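Try each task before reading its solution.

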Amino acid sequence: MRAIGKLVYKDFLIIIRDKGGLAMLFLMPMALVLIMTSLQDNTFKAINESGINLILLNNDPDSLGSAIEQEIVRSNFFRVHYDINGRRPSDQAVKEAVASGRYQIGIVIPALATQRIRERVQRNVMKIFSGDTVKTKDARDSVNIMLYVDPATKNSLRSTLQGSIREYSTRVESRIVLNELTREINSRMMMPITNLNLLKQETVYYKEEYVARGNKTVIPNSVQHNVPAWTLFAMFFIVIPFASAMIKEREDGSLDRLLTMPCSYASIMVSKMLVYLVVCFLQFVLILLMGVYLFPLVGLPSLVVVGRVLSLSVMAVAAALAAIGYGIAVGTIARTHQQAAIFASISVVILAAVGGIWVPVFIMPPLLREISTVSPLNWGLNGFYDILVRNAGLADVIHYGIWMLFFSLGCLLIALYYHRWRKEFN
Amino acid sequence: MNGKITIQIQNLTKFYRGNTTPAIDKVNLDVHEGRIFGLLGPNGAGKTTIIRILCGLLAPTDGEVTVGGYSLKHELHKIRQIIGVVPQEIALYPTLTARENLSVFGGICGLKGNDLKKRMDKWLTLFGLVKSQHQQVGRFSGGMKRRLNLIAGLLHNPQILFLDEPTVGVDVQSKYVIIENLMEINRTGTTIVYTSHYLEEAENLCSYLAIIDEGRIIAQGTLNEIKKENSTESKLEDIFLQLTGKDLRD
């Protein structure tokens, strides 16, 4: 026990004497969380606050053109432009402007689009009332709305826009059908009826609500989503300095000296775990404080942690132990600093990727979804999300913490086994 | 002077992974209590391998070893309590001061409080490091580091002290202080196992010598016994060259 006390003292001194390294251990994770949260928050705002430049060439001043134009403007998704350099563009100019990246989306509504729909509907209504069958449409019935998309624009946005335009045009077409039907019925009946336009009377509504445990409503924001994800990611990056410190100690012979003294490899590792656990926990506390107090000052939503501090702390300790355990395994097995740095950084990025730090697990392919269940970052992320956005208590997430502790223990055992193997067979 | 055997090595063999020739080949050695035992040999002869095995840092492939009466295989934890090791490398923490380094290593060896403080004061004074005791070791000269490296291994007054080339790369003054203090430590009863390339130093310091080459002990005894066995009155260096040859070693 006394040996562990002295080892902790030594590891603590080594860490605090390296001022630059210490600053990086705290400032870099904070910078990462701040930047990533700001980026995600701004992306969210960009989509919601007319951030996407759209050039609209509406050659159809009738119902269809007006409806699409109105809906696009009303959606608030886009910053809508009608001219290029003060002049009404041609179809080709719209295409070129999008290709140059000046606009993310270009929409060209052809002239007489509504008129063409109306004529087709009229012909069809006439045929229905005269007992003829409606033939499949011919080429002159087609209305082609051109949607030009900058290749840099996300597919999801393109799909959303396509769906919306389809919805607007269907609505306009239905309205024309009903108008024509009304007109035709009135011309054939003694007693005229009012307009059959039933579309104005919406009867089906939907209401959206974020639900969480305990019948509480939680409004998630970019901060609640991003802080836990990037905090975990940053926490796992402790693997690199940790493994590097271990290799340095091994290379300069200090580890060998310790191993000739009355202390075991396990106690040397436990000492490092304790010191780096404090570092990781302080990282976590600083990031939480930043989320609560600094984020609102830079225009980000505040991180809400009230009533969740204990649960979050337990998860943070478990995640830190998992990261440190991984660092011990890497530091023991890697032979050089280069091996440790490359393997640790890439493996942490992979664990983060499959763990759902960048993209949610539910949109991953089935195989990756299966793999994600064995990533400690996924356990940590689920635990943090459950606490922060699903209103879960400690009892609800403790199993994630236990899994991370087992992961840490597993890594420690691998390291001890490997150390013994090296002593035996090297 | 033949005290009781404190280190006994029987048929010690060590193969490194991937090597078909042994680094240590069936070595038998007895080290008696209170001796300064010099283990000499050219580069790659197996000196450091033997020291690392005796300290428990490497496992032997075959053979039996006891240190201080304890079996290396089964009682390593007890061996660690009675040995001190001064490795070839400067095995110190460069960002810690001299005193902090000694406090860590002494504390791990069970020293504490006033006893630890007194010992640190004594050895820092003897090795001329008092003035620099609060400086970070990274700023020390090579000789100062080497002296502190030695103190870290003997601070807890071990029964057996292993020294792997303790004077390599130091100036004459530092070497003199180190040798003088090693002799003093030995006089208080500590058995010393010592490896070196400096044969003149070994000749003056060691009461018993073993010469190892290609993993085998090729001569052992007191300097006089070795001279007698090789029918020469030459210096140790000449006998060494006669036994190990003049070919360059890796």
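Two residues are in contact if their C-beta atoms, placed from the backbone, lie within 7 Å. Helices (H or I, at least four residues) and strands (E, at least two) are DSSP runs, numbered from the N terminus. This is a predicted model, in which local features need pLDDT of at least 70, side-chain atom pairs count only at pLDDT 80 or more, and totals for chains, interfaces and linings use all residues. Residues are numbered from 1 along each chain as its sequence is written, and chains are lettered from A in the order in which they are written.

**Exercise 1.** Find the buried residues of helix α4 of chain A, and say what they pack against.

Step 1: call a residue buried if 20 or more other C-beta atoms lie within 10 Å of its own. In α4(A), residues 91-99, that picks out A:Val94, A:Ala97 and A:Val98.

Step 2: look down the axis of α4(A); the directions from the axis to the C-beta atoms give the arc. The buried residues fall within 95°, so they line one face of the helix.

Step 3: the partners of these buried residues are β1 (52-58), β3 (105-109) and β4 (146-149) of chain A.

**Exercise 2.** State how chain A is divided into domains.

Step 1: using bounds from an automatic or database domain assignment, assign 2-43 + 218-425 to domain 1 and 50-200 to domain 2.

Step 2: the C-alpha centres of these two domains of chain A are 53 Å apart.

**Exercise 3.** Which elements of chain B each supply at least two residues to the side that touches chain A?

Step 1: the contact takes 24 residues from chain A and 26 from chain B.

Step 2: on chain B, the elements are α2 (76-82), β6 (83-86) and α3 (98-108). The largest share, five residues, comes from α3(B).

Technical notes: Buried ≥ 20, exposed ≤ 12 C-beta atoms within 10 Å, placed from the backbone.
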